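Please examine the sequence and the structure shown here before reading on.

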Amino acid sequence: MAAVTLDEVYTKYYEKVKCLVRRKISDTNEVEDFTQDIFLKIAQNIEKYDPEKASLSTWVYTVSNRMIVDYYRSRKIFDTIPEENGEEGHFPSQLIDDQGLDAGLLKEEQLQTLADALGKLKQKERDLIILHYYSNMTLKEVAIRMGMSYANAKIIHKKAIGKLNLLMCA
């Protein structure tokens, strides 16, 4: 099998990695730089990639996730890593950042993106998300209110959060 080139990796994974970084790092000013740092690390280690051990996407995301963990470790910011599935009942901190006018405009833009993404969900998914996040109800409370099982509410929640992540990173 031919060796993978950095151009191939960059072209195929840059936007996906940037989206991952955007979801995990609350400082929106650092997203672009941090994404570049990840690709610098990939460039420095591309000769170590072994397709026998993992797919290219697995390798790229492993490098990315390790760097994100290191980012938080170096800053000792353990409690602000956004939950992937939003189970904690809060949207990622980049949606509630209030660091001045630029941040306010950015927040407004992100909230509009969120509103647009919510509009593209199925009604049941949208209702569940709104009740859970905006009404601060637990998933158990949402399940009771919507007349469904807790297990079903968890499944719908997970799917809805996944769709929102995709829609907001598109």
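Which element gives the most to the lining of the second largest pocket?

## Basis of the model

The model is predicted; local features need pLDDT of at least 70, side-chain atom pairs count only at pLDDT 80 or more, and totals for chains, interfaces and linings use all residues. Residues are numbered from 1 along each chain as its sequence is written, and side-chain values use heavy atoms, with hydrogens and water left out.

## The second largest pocket

Helix H3 gives the most to this lining, with 7 residues. The lining of the second largest pocket has 14 residues, and those nearest the centre are Asn 45, Trp 59, Thr 62, Val 63 and Arg 66. H2 and H3 are the elements that give two or more residues to it. By class, the lining holds 5 nonpolar, 3 polar and 6 charged residues.

## Helices H2 and H3

H2 covers residues 31-45 and H3 covers residues 56-75; their axes come within 10 Å and cross at roughly 125°. Axes are lines fitted to C-alpha atoms, for helices over the stretch in contact, with angles from 0 to 180 degrees between N-to-C directions. The two helices are therefore oblique to each other, since angles under 35 degrees count as roughly parallel, over 145 as roughly antiparallel, 65 to 115 as roughly perpendicular and the rest as oblique.

In H2, Phe 34, Asp 37, Ile 38, Lys 41, Ile 42 and Asn 45 meet residues of H3, including Trp 59, Val 63 and Tyr 71 (contact means heavy atoms within 4.5 Å). The residues of this contact divide into 9 nonpolar, 2 polar and 2 charged.

## Terms

Helices (H or I, at least four residues) and strands (E, at least two) are DSSP runs, numbered from the N terminus. Ala, Val, Leu, Ile, Met, Phe, Trp, Tyr, Cys and Pro count as nonpolar, Asp, Glu, Lys and Arg as charged, and the others, Gly among them, as polar. On a 1 Å grid over the protein atoms alone, a pocket is an open set of points where a 1.4 Å probe fits, with protein on both sides within 12 Å along at least five of seven lines; lining residues have an atom within 4 Å of a point.
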